[in-house]
Amino acid sequence: MMLQRAQQCRTHLQAYCSNWRLEKGSAGMDDNNSYNLQEDILLPEEWEGVGEVINVLIPLLHYTKLAEQQDVGLQDWVPIVDKLISHFYEASQRFKSMADESLMYEWLHICCKKAWEKLNDYYQLADKSPVYYTAMVMDAKPKVQVV
């Protein structure tokens with residue numbers, strides 16, 4: 001959500017960084033240790049990366065909010081994780097195919113691959129315990145619609 005807000009305020013953030021002027025003699029700052037906020041201006045490719053990160057994380061936010069609902073239980077955990085595993089695997093493969101275009105896509109590929117691996121680890125642990133599948137059988141009417 002923070003990245004979505006930053007993207008909405010992109011013009012203002014860029015202008016703020018562009019117009020940054022450190023006053024000489026500012027409290028706590030000396031000329032040797034001053035920070036130049038102009039160095040934080042994002043390039044168009046970097047803003048593109050922000051958009052890609054937002055798109056990758058939207059399903060994670062959606063299913064996290066869904067899992068927080070009071071009527072969602074263990075029976076819904078496997079379908080949610082299964083959907084997220086698929087999402088991160090597909091995103092990883094998409095970014096892998098674009099990795100030659102820029103380092104940003106290589107970085108996004110690695111991040112999505114790591115997310116996929118971690119979710120897969122959790123899924124494998126659940127597979128060793130019958131409790132999740134028992135919950136699914138006992139409550140045959142899932143409360144979560146996985147789309």
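Helix α3 has 24 residues and spans 35 Å from its first C-alpha to its last, close to the 34 Å expected at 1.5 Å a residue (the expected span is 1.5 Å times one less than the number of residues). Helices here are DSSP runs of H or I with at least four residues, numbered from the N terminus. This is a predicted model, in which local features need pLDDT of at least 70 and side-chain atom pairs count only at pLDDT 80 or more, while totals for chains, interfaces and linings use all residues. Residues are numbered from 1 along each chain as its sequence is written, and side-chain values use heavy atoms, with hydrogens and water left out.

**Geometry**
- α3 (residues 44–67) packs with α4 (residues 74–98) at an angle of about 175°, their axes 11 Å apart (axes are fitted to C-alpha atoms over the stretch in contact, and angles run from 0 to 180 degrees between N-to-C directions).
- That makes α3 roughly antiparallel to α4 (an angle over 145 degrees).
- α3 has a kink of about 35° at L57, shortly before the proline P59 (the angle between axes fitted to the seven residues ending there and the seven starting there).

**Contacts and burial**
- Residues of α3 that meet α4 include V56, P59, L60 and Y63, and those on the α4 side include L84, H87, F88 and F95 (contact means heavy atoms within 4.5 Å).
- Among the buried residues of α3 are W47, V53, I54 and L66 (under 20% relative accessible area, 1.4 Å probe, protein chains only).
- The buried residues of α3 pack against α1 (2–8), α2 (10–18), α4 and α5 (103–127).

**E52**
- E52 lies in helix α3 and is buried, with a relative accessible area of 12%.
- Not counting residues up to four places away in sequence, E52 touches R94, F95, Y105 and L108.

Conventions: Helix = DSSP H or I, 4+ residues; strand = E, 2+ residues; numbered from the N terminus. Parallel < 35°, antiparallel > 145°, perpendicular 65-115°, else oblique. Buried < 20%, exposed > 50% of the residue type's maximum accessible area, 1.4 Å probe, protein only.
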